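Subject: Structure handover

Hello,

Here is the structure for you to look at. Please open it beside this email and follow along.

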Amino acid sequence: MLDSRFKLTEHNTSVKTEVIAGITTFLTMAYIIFVNPSILSEAGMDYGAVFVATCLAAAVGCLIMGLWANYPIAQAPGMGLNAFFTYGVVLGMGYTWEAALGAVFFSGLCFFLLSIFKIREWIINSIPLSLRLGIAAGIGLFLAMIALKNAGIVVSNPATYVALGDLSEPAALYALLGFFAITAMAYLRVTGAVMIGILGVTVLAMILGHNEYGGLMSMPPSIAPTFMALDLAGALDVAMLSVIFAFLFVDLFDTSGTLVGVAHKGGLLDKDGKLPRLGRAMMADSGASMAGAVLGTSTTTSYIESTAGIVSGGRTGLTAVVVALLFLVSLFFAPLAGSIPAYATAGALLYVAVLMAGSLSHANWDDPTDAAPVLIAALAMPLTFSIAEGIALGFISYAAIKTLSGRFRDLNPAVVVLAILFVLKFLFLD
């Protein structure tokens, strides 16, 4: 039955191989179970409800991807997007978390429609590579700023805006220890390095008396505080359009890049270098985002950590189904998740930031008309504490610099239109 459903023989794999691949993928991305509730709870959301929503949204996304698209690609609430949700939209712009969930739902709906009408290829091909690189790096730097802030390594200063915190404080020391350990384990190719780092710091803090043990297992907390709590009317505020666009834009390119990258690693591309059933994979992602918003979590997206399962032999959707089942099992480990302190996840955030900032190495630094927008988009996100503002400034700077340099032909209609819309937003909506 499994061979018929997932075409295991056709993909030269077996049930045992797919199960091992699923477990491997889960271990590399299970940190989101601890990190996501930690971040979204700062927006005023109930920690336990977000924990349940995170596990359920990940399970739904993985099941759709596995059973419908038949790809070994796992999904869960995305890093960067959850930080933008809390620090950019709720704490930064002052919207309620209910309205922010509404924006996540509408961005998922737009993504779904773009996938149905096959507009996604036009959009992806219209955005210059340099802007994509700058945005990816900017999200990484944004995560780094949040990690350093949460650990007390970077603090506010009235004269210089930011300054170095007290590195003798336990929170700073634990965060740095976690970051060093995770990075070293990743280099040594230790499976589940991020999760091991988070749990290791948590246990060490408990042993040394800086953290309390809340238990290991229990029945899942109630999801009632966040379930169906999204405010769709509030998300339709004119000023929220840029937020919806930011969620959509980041998810679109993050998902596209992840799908192609993971598929290439697993030899899943066709003879023309394209991904079969791309539409199904995209709709699985967008459908999971809408489901996640209803459950009570930020945008769900495809995880690059799926590569770990690919390397272990995963080739079909059975791998993703195994990941889904493990996320459902995780529902019973809420006490453990509640015992994870912010400084334990700070090291993980900082490590993810390192991976995302690596896109800067692919930028064309020899051409200042490409390099300048990359740097502006990348720096604007952490310095304005907003992914949306970074995207906007990246588009505006790209269009302005290319035009003033006499290279207007490098611009396409999509970039010009978006740059003008962002200028109008800053002039009339901010």
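First, a definition: helices (H or I, at least four residues) and strands (E, at least two) are DSSP runs, numbered from the N terminus. The model is predicted: local features need pLDDT of at least 70, side-chain atom pairs count only at pLDDT 80 or more, and totals for chains, interfaces and linings use all residues. Residues are numbered from 1 along each chain as its sequence is written, and side-chain values use heavy atoms, with hydrogens and water left out.

Pockets

Rolling a probe the size of a water molecule over the atoms shows where empty space is left. The search uses a 1 Å grid over the protein atoms alone. A pocket is an open set of points with protein on both sides within 12 Å along at least five of seven lines. Lining residues have an atom within 4 Å of a point. A volume is the space filled by probe spheres set on the points, and the probe is 1.4 Å.

The largest pocket holds about 940 Å³ of space. Its lining has 31 residues, and Ala136, Phe253, Asp254, Thr258 and Met356 lie nearest the centre. Helix H8 (129-150), helix H12 (241-265), strand S4 (300-302) and helix H17 (342-357) each give two or more residues to this lining. Which element gives the most to it? H12 does, with 8 residues. By class, the lining has 17 nonpolar, 11 polar and 3 charged residues. Here Ala, Val, Leu, Ile, Met, Phe, Trp, Tyr, Cys and Pro count as nonpolar, Asp, Glu, Lys and Arg as charged, and the others, Gly among them, as polar.

The second largest pocket has a volume of about 710 Å³. It is lined by 20 residues; Thr28, Arg189, Glu305, Thr307 and Ala308 are the closest to its centre. Two or more lining residues come from each of helix H2 (15-29), helix H10 (193-207), helix H14 (306-311) and H17. The classes are 11 nonpolar, 6 polar and 3 charged.

Helix pairs

Axes are lines fitted to C-alpha atoms, for helices over the stretch in contact, and angles run from 0 to 180 degrees between N-to-C directions. Contact means heavy atoms within 4.5 Å. Angles under 35 degrees count as roughly parallel, over 145 as roughly antiparallel, 65 to 115 as roughly perpendicular and the rest as oblique. A crossing is left-handed if the near helix is turned anticlockwise from the far one by less than a right angle, and right-handed if clockwise.

Take H6 (residues 97-116) and H13 (residues 278-295). They pack at about 160°, with axes 8 Å apart. H6 and H13 are therefore roughly antiparallel. Their crossing is left-handed. Residues in the contact include Leu101 and Phe105 of H6 and Met282 and Asp285 of H13. The contact divides into 12 nonpolar, 4 polar and 1 charged.

Next, H8 packs with H19 (residues 387-404) at about 150°, with axes 10 Å apart. That makes H8 roughly antiparallel to H19. This crossing is right-handed. Ser130, Leu131, Ile135, Ile139 and Phe142 of H8 meet Ile387, Ile391, Gly394, Phe395 and Tyr398 of H19. The contact has 8 nonpolar, 2 polar and no charged residues.

Last, the axes of H3 (residues 32-40) and H4 (residues 47-69) come within 9 Å and cross at roughly 135°. H3 and H4 are therefore oblique to each other.

Best wishes
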